[in-house]
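Biologist: I'd like to learn how to read a model like this one. Can we put it on screen and go through it feature by feature?

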Amino acid sequence: MDLDAYVAERRGEWNRLEVLARRRRLSPDEADELVLLYQRAATHLSVVRSHSPDPVLLALLSQLVIAGRSAVTGGRRFSWRPVARFFTSSFPAQLYVTRRWWLSVMAVNVLVGWALMWYFSAHPDIIGSFASGQALRDYVEEDFVGYYSEFQAQNFAASVWSHNALIAAQCLASGVLILPVLYILGQNLFAIGMTGGVMIYAGHGATFFTMILPHGLLELTSIFVAAGVGLRIGWAWIAPGPHRTRGQALAERARAAMLVALGLVVMLGVSGLLEAYVTPSGLPDAVRIGIGAAVWLAFMVYALGVGAAAHRRGETGAVAPEHDVTPVPTA
């Protein structure tokens, strides 16, 4: 085969294909021409590959065929639409669908947390078994508040975000076993109850709530969401519901949990920023708590208001809308 003659005869078609493949909009005639030229170029590539060892020509023609295929099949371009749809529909809809689980977890944890703080503050002998004397005074008067400004804000925010993201991930991943989630919640409750009890007993209860509430409202709610969704996965193999196998129920709940996990990344990022920049700031106490409360209320409106609207539209993301009639956890 005379390669030079072969290339010269088809050079015009290849140039035309290159031009059409670069255009964003094509007329119907141009679209038909593009398909035809792409098919011919693919045939030409096959012929050249079998008769010519010229690597430069093969590379150029291969690149042209790839460009033509991308233009014909409508190669995907990055779009913000899926991201916007996730945050306006899929994520809030899943928060709404799972609301009974994470709201129940939230209510139980808040009540038990208050009870533990009251109990520890009323029993200093228990507090003394963990710390006493100068160590306890240092913690109450300096270390508790100093923790929030010990490191640079951006480093502290990243550290808090990664730590809380790990806890949330553990709740979601171990939810199928149920007990690990309860263990994680129990650890968290004990830490909060003991810390609050120590501060209240020492007469620094106001300091405790001032430093906890600006970020803690959203941060703890994020953990409660992760725990509730994780427990919901575990309940799927205990009570999969009618007309579903345990495997099907687990798969549906797990897909829904993945959507929630993506949204929690953002939630915990916001709470990390609050903890690093708002909690230790010099703003008045009422302003700091007000910022935290406003962000938390905005999330609740987003989860229960926007989520309800998205759920009514049937936009629950990876799984079809479900009528969850399973009981909620009580511990």
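Modeller: Buried means under 20% relative accessible area, exposed over 50% and partly exposed in between, with a 1.4 Å probe and protein chains only. Before we go on: this is a predicted model, so local features need pLDDT of at least 70 and side-chain atom pairs count only at pLDDT 80 or more, while totals for chains, interfaces and linings use all residues. Residues are numbered from 1 along each chain as its sequence is written, and side-chain values use heavy atoms, with hydrogens and water left out.

Biologist: Which residues does His 44 touch?

Modeller: Leaving out residues up to four places away in sequence, His 44 touches Tyr 6, Arg 10, Glu 13, Trp 14 and Leu 61. His 44 counts as buried because its relative accessibility is 8%.

Biologist: Let's zoom out. How many helices and strands does the protein chain have?

Modeller: Helices (H or I, at least four residues) and strands (E, at least two) are DSSP runs, numbered from the N terminus. The protein chain has 12 helices and 0 strands. Its radius of gyration is 30 Å, well over the 20 Å that the globule rule gives for 331 residues, so the chain is more spread out than a compact globule. That radius is taken over C-alpha atoms, and the rule is 2.2 Å times the number of residues to the power 0.38. Along its principal axes, the C-alpha trace spans about 100 × 55 × 35 Å.

Biologist: What about Met 117: buried or exposed?

Modeller: Met 117 sits in helix H5 (residues 99-122) and is buried, at a relative accessible area of 5%. Not counting residues up to four places away in sequence, Met 117 touches Ile 192, Gly 193, Gly 196, Gly 197, Ile 200, Phe 208 and Phe 209.

Biologist: Where is Gly 241 relative to Met 117?

Modeller: Gly 241 and Met 117 are 39 Å apart in space, C-alpha to C-alpha, and 124 residues apart in sequence.

Technical notes: Contact means heavy atoms within 4.5 Å.
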